[in-house]
Amino acid sequence: MSAALEHNLEHGHEHDHHHNQTFITKYIFSTDHKMIAKQFLITGIIMGIIGVTMSVLFRMQIAWPEESFKIFSWLLGDDFAPGGVMRNDIYLALVTMHGTIMVFFVLTAGLSGTFSNLLIPLQIGARDMASGFMNMLSFWIFALSCIVMLSSLFVESGPASAGWTIYPPLSAVEQAIPGSGTGMTLWLISMALFIAQSLMGSLNYIVTVINLRTEGMSMTRLPLTVWALFITAIVGVVSFPVLLSAALLLIMDRSFGTSFFLSDIYLAGEVLHYQGGSPVLFEHLFWFLGHPEVYLVILPAMGIASEVIACNARKPIFGYRAMIVSLLAIAFLSTIVWGHHMFVSGMNPFLGSVFTFTTLLIAIPSAVKAFNYITTLWKGNIQMNPGMLFSIAFVSTFISGGLTGIILGDSTLDIQVHDTYFIIAHFHLVMGVSAIYGMFSGIYHWFPKMFGRMMNKNLGYIHFWITAICAYGVFFPMHFLGLAGLPRRYYSNSAFPMFDDMVDVNILITIFAIVGALIQIVFLYNFFSSIFYGKRASQNPWKGNTLEWTTPVEHIHGNWPGDLPVVYRWAYDYSKPGYEEDYVPQNVPLREGEKDGGAH
Amino acid sequence: MTSLLIIGVVVLLGIAIWQLTKIFHLTQTIKQKPAHESESEIASERDNNVNGYLLFGFLGFIYALMIYSCAKWGYMPLMSDAASEHGKDVDNLMWISMILIFTVQIITQFLLHYFSFKARGIKGRKATFYADNDKLEMIWTIIPVIVLSGLILYGLFAWNNIMYYDQDEEVMYVEVYAKQFGWDVRYSGEDNTLGKANVRFIQGVNATGADMSDPNSHDDILASELHLPLGKKVVFKIRSQDVLHSAYFPHFRAQMNAVPGMVTQFAMVPSITTSEMRQLPETIKKVDKINKLRSQRSQELIAKGEEALTPYEFDYILLCNKICGRSHYNMQMKVIVESEQDFKKWLGEQKTLGQRIAEEQAGNEPQPAVEEEAVNQEEEAVSEDNTAESEEEAIEIENIRG
């Protein structure tokens, strides 16, 4: 480690001496992790705007299925929404693209891409990522995959429409749905690129955390953000390649006549040539990534919440070691529970029993985390900054959404609520809303670090409160739709009179969704105007302990002007008895007889 | 008109936000000059206070939403009147889980928001340095372990009861066959054995591709409504001809995917007939409510010069619950549970597949020779595949026994 560190030090010094960066090397093909973090964030925000807009459109369709809306033909064009009436396959396309964009492009790349890049080097005391070039490559491949995905929206037959899980044969055979033509091909290409960038990023994060920690920064002194991002990267490296293999096999089935996932298909009056494959195989491969994926989304949010809650509660995070152990436990269990998406897929019922067991085990480390967050708040001195409010709300939605996991993870109950609105409510609360809250929390908290300016706190409060109310307003009533047996991904519920008494619930949900989406404009305004006109930030506005607040406000290549800081203590010495201030940064030496790591 | 309304809403929202910002600004009384300009964007004591109270209020909002939702939509016949024998177990477990979840939700949300409110920041106060307590952490590890063990055990017992059935039991085999965008059923006929099938045999009335060279196929009966006898174990053999579908019977707590190239199965015993179900007070109440809404909607439609909606009458239903294409939202089949006598009478009125194919051929004579040849070739091509499938089925049955 020391050799690498020395090399890194020298490298950093070299850069201090000559600042001859052009616009292109500084802002576009930058190898500086801070700039790459900003690139990921802004790309993620743009994708987020698109993904959320899509959800508003299909929510309007499901609430008022018989109406026509001008906004449909404005945004979707007369082909996809003739006369303002959304076509039924376009409804499915919007659902599919909303899921894909939000899960992969916003909550995976936008969240962990941004904060891994920003925080890993800054919080462990490194000059940059292990490989700056690979880091740059990772972002640009991500940008390319975004472009490919978005270009599929302009294909004549429509974008991929088989659901974000792209189960074959629906996704494999063009005759089954128009979106499975060119749209699906572009989806698969985009996803292959996405996986490539994700692997490059993850490997970089892992190597950086292992090799480039500054002197004194032992693994047990790492801030929980870095722990979470590190574990996220490991889970990503383990599971993403499996999705790549599934995507490649699906490409073979679609274009080269193989039958990995297809067998005995009679469509549009003819028997197709496929024989001997199984769609269930695809489901296994997909969910082997797909389930860890939801943890790739939630773990960084947990890391951010741990840091933001401790800092703003002015209190050490409760049970630091338990938090690490539960992160590890969640990460490990997440790779052996994928079958709970498949209880009724036709796989052997014995497997169902096994997956029920492993799935419900995840509740244990999750409960430990939730209780530890709550105990951290207890007897704190809470500074209600917008970032902190989002972290508190993160814990709230994580609990609300996580609890219903007990129902869905139980194979017996899953028979009834599988693929109904109940599951939509569950995963939107536990990973969608929670992860978005984690992301907002991170943005509000580290904005001063990223841009050297402060975001407007009052706009932040308004953004938070209306978002918080709308998120519950949208997803809480949705559970009841599911319990009434309403399946997801229905273009309209009017074909089933038995769901007629649920019309008012759907309208209520849509109204909350529209308001919740519109209020994000306040955030966007606050974000972009603060980059240029926000109040200038001081070096350590939140009085945090971690190393990123010891760097100068102005970004420099190499992060620290002189030598790298040396770490003497863990990251959570907030309100430590015996100190005047209520925080003791990590680079302050221990006093004589002082114990580290929460002991006192 | 709609766009005008939307613009109005946006403008109003904008004004509301502007006013709210002003209120927030007013709550921050002007103090002495801050040490750094960034300080005006960091939460002041006033902010801590205001947001602390708001968080406590938010707890009220969560509770209110829970109570309102349960009161308004919590009446769920789907959670209490399972129309199948195993459904009672599912409902029972659902209630236990629900009560548990609501209890934990109420307590933890209270603690979270109350602590946040109680510990809202005050200038000059220091938080309690409290970093660890092994005993506490042990408690909230052990309690979930115990509770979850109970749930897992109950769940697994129920799961095994539902998914495995005794081969010696007297059961009735029914094929549920999915295609874009509808369902077919094939009864196994007098021999209670479904003939072998493959999509390559689909032709004319033989819509589910029964292999007519298998003698078991001839007495099979195709139908477009699913009739089930009360109190008898039915084993659904579920197939799909094109993409993934899911056979979802919400009233029976039954669901299984239909997978092309594979036969999946689900067994259940219907325990309430359709007419009994229609008489239940809960059903009558729900149907009345729906019909009231439908007649309102009909009046609107008539005013627009469109056709009125037909009144709703309760029926069990089979619906597709796996995205399967553009008309996924309208892929359904009526399910009728009746007494064994009525069922036998109905089944007796249906023609067998053998009869129907014979009729069809009689009507179509003479057939072009070319087509016949093609069919022969096809049959040859699939004979191999058929043995593979029957082997698969044998393995499946083995699994079920195990």
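First, the ground rules. The model is predicted, with local features needing pLDDT of at least 70 and side-chain atom pairs counting only at pLDDT 80 or more, while totals for chains, interfaces and linings use all residues. Residues are numbered from 1 along each chain as its sequence is written, and chains are lettered from A and ligands numbered from 1 in the order in which they are written.

Chain B has ten helices and ten strands. Those are DSSP runs, numbered from the N terminus: helices are H or I, at least four residues, and strands are E, at least two. Of its 402 residues, 34% are buried, meaning 20 or more other C-beta atoms within 10 Å of the residue's own, with C-beta atoms placed from the backbone.

Now the sheet. Five strands of chain B form an open, mixed sheet in the order β4-β10-β9-β6-β7. The edges are β4 (226-229) and β7 (254-258) of chain B, each pairing on one side only. Pairing takes at least two DSSP bridges. β4(B) runs parallel to β10 (residues 332-338) of chain B, with four bridges between them. Pro229(B) sits opposite Glu338(B) in β10(B).

What about the partner chain? 115 residues of chain B are in contact with 120 of chain A. Contact means C-beta atoms, placed from the backbone, within 7 Å. Which helix gives the largest share of that side of chain B? Helix α5 (residues 134-163) of chain B, with 14 residues.

Technical notes
Buried ≥ 20, exposed ≤ 12 C-beta atoms within 10 Å, placed from the backbone. Contact = placed C-beta atoms within 7 Å.
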